[in-house]
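Have a go before you read on.

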Amino acid sequence: MSRARQPPLVTGISPKEGAAWTKVTIRGENLGTGPADLIGLSICGHNCLLTAEWMSASKIVCRVGPAKDDKGEIIVTTKSGGLGTSTVSFKLIRPERIGILDQSAVWVDELTFRTDRNKGISPLSLRPSNPLGIDIDKGKISPKDLELTFPGMSADFTSENFSATWYLIENHAGSSFDQLKIAASNLKKQATKKNEGSLAYVKGGLSTFFEAQDALSAIHQKLESDGTEKVEGSMTQRLENILNRASNTADTLFQEVLGRKDKADSTRNALNVLQRFKFLFNLPLNIERNIQKGDYDVVINDYEKAKSLFGNTEVPVFQKVYAEVETRIGALRSLLLEKLLQTPSTLHDQKRYIRYLSDLHAPGDPAWQCIYAQHKWILQLMQNCRDEFISGQRVGAGALDPEGDTRPPALGRLSHTASLKRGGSLRTPRSSNWHFETPQQVQFVEKLSDVVIGQLPNFWKLWISYVNGSLFSETGEKSGQVEKSKKNARQRQNDFKKMIEELTSRLVKLIRGALLPATLPQGELSLYGGWESKTELAGSWLTQIIHTVRGCHEALSAMEIPNDLLQVIQDLLLDLRVHCLMVTLVHTTEDVNRLAEKEDWLVDNEGITSLPSRFEQCMVQMLQSLKEPLEIKPGETNVLQLDQVQDQAAELSVRIMKVFVNSLEQLSTKTDGDINTSHNISVDLSSPDRFTGIQEGFTPTSEQRLLIILSNCQYLERHTFLNLAHHFEKHSFTGTEKITRVSVDAVRGLDRKLFEAYIERRADPIAGSLEPGIYAGYFDWRDCQTPTGVRNYLKEALVNIIAVHAEVFTVSKDLVPRVLSRIVESVADEMCRLMQCVSSFSKNGALQARLELCALRDAIATYLNADSNASFKLALESLPQLHSGADKKLLEELLNKFKSSMQLQLNCFQASSVQPIKR
């Protein structure tokens, strides 16, 4: 009958040689279907079945017994396959016995000798490494998480607190349900096998028991055969006496040898201890050397190692050396804490020293101590910055111009502020003599901003690292330092918030003390003020300061500092922007007031000097210089929407306009000693170059000043003020309508005043010369000769009117109709009065009067208005009417003669002749 399975075949054993009780692994084929199928296992002829552990059909683990043969095969016997064969062999190594007097080439450490060699092998030592008997599949859950999930339990199945769930999750998280069923079956088999443990223990030393039993039985039989077992002087007694004498003799012979051996053993043991624990004995010196070299990591690693090995030692010598180590480590803690609190220091060094102190288990909270020290140091830096400038240790106050004004010229401010562009550097490019040009307040604000931007980011990063626990090493994480740090950080959040508030508040107060001392309480002026002796800043410098403070705010916002902690900086920016707006408007008022000094009286083709253009340019550049202060950054308020600011800005803008109008009025009344204003107009006409044009270096008369300013007033009303209104609206200024309305009203008032003054100066002399001219030579309307032409007084009046026309036309052709109409109106009114005052006319007198009235009316017909026409009509109506045709003919002939003789002079009164002067 054939067997169901092939007989077992051993093809390998590891190791291939070893002493008795060596654990070996046997590999082969058909080694059984399970633990119960294995019924026999022998190595070198010794039965090893009791120590065998069946792993699989191709693997068995067992221990080699004390076989008699030095080399032999490995034979496996199973129920299913029967007696097997082997293709390999095992060599049993027997230890060499050394007598007490034999010399040995090696030192045998007594500490390694087994003291239980005669004891049997405990069944616990034979426990399998895989009790379930299935493949191990480690899960991905970390041991730390398992410890937290199963507190107080263990995955070691020999432990009293063994947790089967933990063991399965750790070793068989990926095993299938069928595999777990196989594992349960294996456990049941092992439990059955465990009940045979004591029997297996006896079987393991069964041969020894038999040998001892045989020896005792042989001795007993020998003693019984001699019959001397209980007789005095028997063989047993004699044997005992002999052994005692032999022992005494041996003690005598070997006492000295054994004494020297004990001393040598003690010395050897002492040297062995020194060699074995040289790490501890050399540690104090090594710590000192590594501290001097700065190798703090090495010191910390050595200290951790020494603490784990000797921290709880009870050996006095170890305690003494370890105490010295602790002393050196205490000194290192103090040194590192001192370095940590030193300022200035980099963020990298701060983190490094905090990590060292954490690994050394320094008392207290070094990280918070460092944060506190950095906070105090930054505050001191900011205060020192202010003290340096106040005490004059910083270079240079602002350079003064010859007039003592530190403000840049009004026309040059725009170029200075144009460099302060969005997204640019916090500081603008500067020349080599920048410190001698820039006011100290500007230097101070930039220096203070550099301090804050240079130090506060690292201060904030240190706090963030403290909060998230990144300051600590892996050692700190294992020791719970990270959790402790996070807990401390949560408790100190309010304290750190107060630190940031104090830093930002100090920054704001220092800047307010330098620029806005009126916004500080009286009690804080001594600490933050002291800038009274410094020069007042112009709007362009304030713009640069606003740019600097904005850059500081943006840098702090980029660090994700909460907005509520930076609100004080926003409030400061609002006050600075308002202050810059007001200062710029005030200084522009002063600049506009000085524009009159630059009037050169040179007019263009439209009769306009450069003064209106200078004024408009000054105003436009003022608005452009306010572009950055008025710009609304994220989180900022529109200053022009504040009611109080609106009112003040509108009031100052109106004031600028009025100041300019007043400066024009002052120019009109300005006297010049070099100008002779008493000469007659007719004398002016005697010079052929009198009205050829206004050239450079020309000094106008007071009347010409009036005309030039009148022309400028018209240009301001029609162009300049409208352009400025557009620019005001473009820059979001409010109250533009009010500014324009008040400005126009002011310039119109000045125009009327100056116009009346000019008319008074020019019309009165002309009108006043009529009456003396009419009655020159005792002329009498009632007794006069037949008219022969227009008399000279009328020609002289026309020449004077022509002189006024030339004077006005030289300045502005647009003023000619307005001025001449009023002159003609005054002359017509005077002629009407004179005609109406005559009581009676003779025939020739009436003809002469009508001739002169018609000649005057026809000559200046272009500039007649309703009032002057009415005056001429009344004058003619007061004269007797001409009834004869001869008189009418004579009148017409004389009029034609007059027009012919005065044609050249009268051409200027023709509308077609009013053309612009080309220069």
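**Exercise 1.** Work out how α29 passes α31, and what the contact is made of.

*Step 1.* Start with the handedness: α29 passes α31 in a left-handed crossing, the near helix being turned anticlockwise from the far one by less than a right angle. Helices here are DSSP runs (H or I, at least four residues), numbered from the N terminus.

*Step 2.* List who touches whom, with contact meaning heavy atoms within 4.5 Å. From α29 come Val824, Glu825, Ala828, Asp829, Met831, Cys832, Met835 and Gln836, and α31 brings Asp867, Ser868, Ser871, Phe872, Leu874 and Ala875.

*Step 3.* Sort them by class: eight nonpolar, three polar and three charged. Nonpolar covers Ala, Val, Leu, Ile, Met, Phe, Trp, Tyr, Cys and Pro; charged covers Asp, Glu, Lys and Arg; the others, Gly among them, are polar.

A quick note on the model: it is predicted, so local features need pLDDT of at least 70, side-chain atom pairs count only at pLDDT 80 or more, and totals for chains, interfaces and linings use all residues. Residues are numbered from 1 along each chain as its sequence is written, and side-chain values use heavy atoms, with hydrogens and water left out.

**Exercise 2.** Find the angle at which helix α7 and helix α9 pack, then name the arrangement.

*Step 1.* Helix α7 (residues 278-293) packs against helix α9 (residues 316-341) at about 15 degrees, axes 8 Å apart. Axes are lines fitted to C-alpha atoms over the stretch in contact, and angles run from 0 to 180 degrees between N-to-C directions.

*Step 2.* That makes α7 roughly parallel to α9 (angles under 35 degrees).

*Step 3.* The crossing of α7 and α9 is left-handed. By class, their contact has 14 nonpolar, no polar and three charged residues.

Key
Helices (H or I, at least four residues) and strands (E, at least two) are DSSP runs, numbered from the N terminus. Angles under 35 degrees count as roughly parallel, over 145 as roughly antiparallel, 65 to 115 as roughly perpendicular and the rest as oblique.
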